[in-house]
Amino acid sequence: MPLEEIEKRTGSLDRFFELLIRFVKREDDEFLEKFENTNSILKAGVEVLELKPNFFGFGLNINALIKRISNRA
């Protein structure tokens, strides 16, 4: 995620790291709330774009890879 987006969502990098530390210590979930809709944006992009690079006849379906990773999170 670009630094500009992090600052936009949290106010500053200091605040970002403060929220991240509190989340890791399981003190609260405010960190998740700030970044929760990022996953839905990613899913929308996967549905609209088809990314299948090919190299000597072998391809990688990036859409499927992104879906698998997002389902694990």
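**Salt bridges and a buried phenylalanine**

Student: What makes the contact between the side chains of Asp 28 and Arg 22 a salt bridge?

Tutor: In this predicted model, the side chains of Asp 28 and Arg 22 come together with an N to O separation of 2.2 Å, and because the term requires a nitrogen of Lys or Arg within 4 Å of a carboxyl oxygen of Asp or Glu, the pair qualifies as a salt bridge.

Student: Why are Asp 28 and Arg 22 given the class they have, buried, exposed or partly exposed?

Tutor: Asp 28 has a relative accessible area of 21% and Arg 22 has 22%; since buried means under 20% and exposed means over 50%, Asp 28 is partly exposed, and Arg 22 is likewise partly exposed.

Student: How do you know that Glu 30 forms a salt bridge with Arg 22?

Tutor: The closest N and O atoms of Glu 30 and Arg 22 are 3.7 Å apart, and as the cut-off is 4 Å, the pair is counted as a salt bridge. Through shared partners, salt bridges link Arg 15, Glu 18, Arg 22, Asp 28, Glu 30 and Lys 34 into one network.

Student: What is the total number of salt bridges in the structure?

Tutor: The structure holds 7 salt bridges, and one of them is formed by the side chains of Glu 5 and Arg 9, with 2.7 Å from N to O.

Student: Why are Glu 5 and Arg 9 separated by about one helical turn?

Tutor: Both belong to helix α1, which covers residues 3–10, and because they lie 4 residues apart in that helix, about one helical turn separates them.

Student: Why is Arg 9 called buried, while Glu 5 is called partly exposed?

Tutor: The limit for buried is under 20%, and Arg 9 has a relative accessibility of 16%, so it counts as buried, whereas Glu 5, with a relative accessible area of 24%, is partly exposed.

Student: What makes Phe 31 buried, and which residues does Phe 31 touch beyond four places in sequence?

Tutor: Phe 31, which sits in helix α3 (residues 30–35), has a relative accessible area of 13%, and since buried means under 20%, Phe 31 is buried. Leaving aside residues up to four places away in sequence, Phe 31 touches Phe 16, Leu 19, Leu 20 and Phe 23.

Terms used
Residues are numbered from 1 along each chain as its sequence is written. This is a predicted model: local features need pLDDT of at least 70, side-chain atom pairs count only at pLDDT 80 or more; totals for chains, interfaces and linings use all residues. Side-chain values use heavy atoms; hydrogens and water are left out. Helices (H or I, at least four residues) and strands (E, at least two) are DSSP runs, numbered from the N terminus. Buried means under 20% relative accessible area, exposed over 50%, partly exposed in between (1.4 Å probe, protein chains only). Contact means heavy atoms within 4.5 Å.
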